[in-house]
Amino acid sequence: FSRADRPVANPESDTESQILEIWKRQLALESISVDEPFFDVGGNSLLLVAVHREIRKFASKPVMLTDLYRFPTVRSIAAFLESDGGGDGSETGKKRGEARRQRQARRRR
């Protein structure tokens, strides 16, 4: 299938809609499926940095640039942002929490 032949999956949440609009603006595309990977629709690492900057403005939890590589579609990054720390993002959250606890323990010494 070429990109034009694939069905377009539309956003199902406000978060998906916000991210999709950012992608469309940064990639200069009118139509992107929420299930298409960023790099498959013309994205590159410089554009990903711009997308990351915009997502951080509205995200209710910390978003690392590497999270956008781990969750390469609008749908997957939206699910990560909407999660309560469980699912695919839980390991990162655990690691961040453990690192914070270790820093605090070192400061107390």
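**Entry 1: Val-49 and the model**

I began with Val-49, whose place is in helix α2; helices (H or I, at least four residues) and strands (E, at least two) are DSSP runs, numbered from the N terminus. I noted that this is a predicted model, in which local features need pLDDT of at least 70, side-chain atom pairs count only at pLDDT 80 or more, and totals for chains, interfaces and linings use all residues. Residues are numbered from 1 along each chain as its sequence is written, and side-chain values use heavy atoms, with hydrogens and water left out.

Is Val-49 buried, partly exposed or exposed? I found Val-49 partly exposed, because its relative accessible area is 35%, where buried means under 20%, exposed over 50%, and partly exposed in between (1.4 Å probe, protein chains only). I also looked up its distance to Leu-68, which stands 19 residues away along the chain, and the two C-alpha atoms are separated by 9.3 Å.

**Entry 2: the whole chain**

I counted 5 helices and 0 strands in the protein, and from the N terminus on the elements run α-α-α-α-α. The protein has 109 residues, of which 32% count as buried. Its accessible surface comes to about 7,100 Å², and 50% of that belongs to carbon and sulfur atoms; the areas come from the Shrake-Rupley method with a 1.4 Å probe, and for residues only the protein chains shown count as cover. Among the contacts with a separation of 6 or more, 50% are accounted for by residues 24 or more positions apart, a contact being heavy atoms within 4.5 Å.

**Entry 3: confidence**

Before going further I checked pLDDT, the predictor's confidence in each residue, from 0 to 100. The protein averages 85, and 77% of the residues score at least 70. Over residues 86-90 pLDDT stays under 50, and the model has 6 contacts beyond four places in sequence for them. Where pLDDT is low, the predicted coordinates should not be read in detail.

**Entry 4: Thr-15 in helix α1**

I then turned to Thr-15, which lies in helix α1, residues 14-27. Thr-15 counts as buried because its relative accessibility is 15%. Which residues is Thr-15 in contact with, leaving aside its neighbours within four places in sequence? I listed Phe-58, Ala-78, Leu-81 and Glu-82.

**Entry 5: the loop between α1 and α2**

I looked up several residues in this loop, starting with Ala-28. Ala-28 has a positive phi of about 55° although it is not a glycine, and it counts as exposed at 69% relative accessibility.

Ser-33 is found in the loop between α1 and α2 as well, but it counts as buried, at 4% relative accessibility. Beyond four places in sequence, I found Ser-33 in contact with Pro-7, Val-8 and Ala-9.

Phe-39, again in the loop between α1 and α2, counts as partly exposed, since its relative accessibility is 37%. With neighbours within four places set aside, Phe-39 is in contact with Asn-44, Ser-45, Leu-48 and Tyr-69. Phe-39 and Thr-73 are 34 residues apart in sequence, and I read 9.2 Å between them, C-alpha to C-alpha.

Gly-42 also has its place in the loop between α1 and α2, and outside four places in sequence it is in contact with Leu-27 and Leu-47.

**Entry 6: the cavity**

How many cavities of 30 Å³ or more does the count come to? I found 1 cavity, where a cavity is a set of points, on a 1 Å grid over the protein atoms alone, at which a 1.4 Å probe fits but cannot get out, and lining residues have an atom within 4 Å of a point. About 50 Å³ of space lies in the largest cavity; grid points are joined across faces, edges and corners, and a volume is the space filled by probe spheres set on the points.

The lining of the largest cavity consists of Trp-23, Phe-38, Leu-48, Val-51, Ile-55, Leu-68, Phe-71, Pro-72 and Ile-77. Helix α2, residues 45-58, gives the most to this lining, with 3 residues. I sorted the lining into 9 nonpolar, no polar and no charged residues, where Ala, Val, Leu, Ile, Met, Phe, Trp, Tyr, Cys and Pro count as nonpolar, Asp, Glu, Lys and Arg as charged, and the others, Gly among them, as polar.

Terms used: 1 Å grid on protein atoms, 1.4 Å probe; cavity = no way out; pocket = protein on both sides within 12 Å on 5 of 7 lines; lining within 4 Å.
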